[in-house]
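Visitor: I have a model open on my screen and would like to learn how to read it. Could you walk me through it?

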Amino acid sequence: MSSDYYEILGVPRDATPEQIKKAYRQLAMKLHPDVAPEPDAADRFKKVAEAYEVLQDPKKRDLYDRGGDPLGGGFNGAQGFGGGGGGAGGFDFGNLVDAMFGSQSARGPRSRVRRGQDALVRLSLELAEAAFGTTKPLQVDTAVLCPRCGGSGATEGSQPVTCSTCHGQGDVTHVQRSFIGDIRTTQPCPTCRGYGTVIPDPCVECAGDGRVRSTRTITVKIPAGVSTGNRIHLAAHGEVGPGGGSAGDLYVELNVAPHEVFRREGDDLEVVVRIPMTAAALGTEVDVATLEADVEDSDVADRSVSVRVPAGTQSGTRVALEGHGIPRLRASGRGQLGVTLLVQTPTRLDDEQRELLRRLAELREETGPEGTVQRHGKGVFGRLRDAFAGQ
């Protein structure tokens, strides 16, 4: 194989570092002895690795272009491919990993101070609270700043010291010999866990974490018009981070309990009102309680609304009252209050009442009436079904 490194990698002499890395990656994956079946694959792979070792380093490449020996005799004779522990004559396996999988350089020590996690809690509301908005206290079990050490994790009067294992680097490097040279792997320091420092005298309250578990009470403002599934975002009300880091966010997910009288349909409220048969026949007016009746400090005049029942009203008739429903979330106006009227037939009659009804039936020629079949569609039966389903 030619000793021209550019020819070995198949790149021009003015190739960019990106072109060199791309060419090496392709050849390395093709010629690696673990995947290439050819008997000379190992030797060819060594040449490719040698070429990349030189051309990817600006200083070595400059020396090579000027006719010098960038490896100082490495990759030759008895030294072969494994000469030296990463010096001029050795091959750093990290270059292969860098080219094929991206940079594997040491990360350095990581900070003990980190942002806390976000938290999610659920809060139940009554329908009136969801409709008109409210302010509620909420107990949250979460991580808070350690009161003893103030987040430092160390006992008062002490402080973290440099780790003696990694000397403050946060990472340790292990070198293993192989047929392709010294293989270096970098991992977080097992002594300091990657922080670069250790706490010789940790706080007895938080055991060095800088935070403790505690239950605290916060106040949550609920806007008018919310519904089940809505979430309220409270910034910086989540868990305090390790080392006294900034708190995460808190999300409050709302659940609106069913009401014993009203059924909610989006921004509309539905209610069923029973009226006597005589009232439906003759017509009347009925007072219907509104959702404001559940609010203690509401105006008395708003706690009910008058509904006109025309003479001859049929069971299942729905009367829509605009502006008496749920306030629209982040918008103006309110939905409807839908009043479905159910006509009640008397079941207990005395002799006089029974005689009056019999006389009425004779006058209306209804002593032996024939039933009228209702056409399909959401008429009386559909409204009655919906009304009873909402109870």
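Predicted model: local features only at pLDDT ≥ 70, side-chain atom pairs only at ≥ 80, totals over all residues.

Visitor: How many helices and strands does the protein have?

Guide: Helices (H or I, at least four residues) and strands (E, at least two) are DSSP runs, numbered from the N terminus. Here you get nine helices and 15 strands.

Visitor: What share of the residues is buried?

Guide: Buried means under 20% relative accessible area, exposed over 50%, and partly exposed in between (1.4 Å probe, protein chains only). Of the 391 residues, 36% are buried.

Visitor: Which residues have the most contacts inside the largest nonpolar core?

Guide: In soluble globular proteins, nonpolar side chains tend to be buried together. A nonpolar core is a set of buried Ala, Val, Leu, Ile, Met, Phe, Trp, Tyr and Cys residues joined through side-chain atoms within 4.5 Å. The largest one has 36 residues, with Val252 and Val339 making the most contacts inside it. Apart from that core lies another of 20 residues, including Tyr6 and Phe45.

Visitor: Is Arg193, with its positive phi, buried or exposed?

Guide: Arg193 has a phi near 60° without being a glycine. It sits in the loop between strand 5 (181-188) and strand 6 (197-198), and counts as exposed because its relative accessibility is 54%.

Conventions. Residues numbered from 1 in each chain as written. Heavy atoms only, no water.
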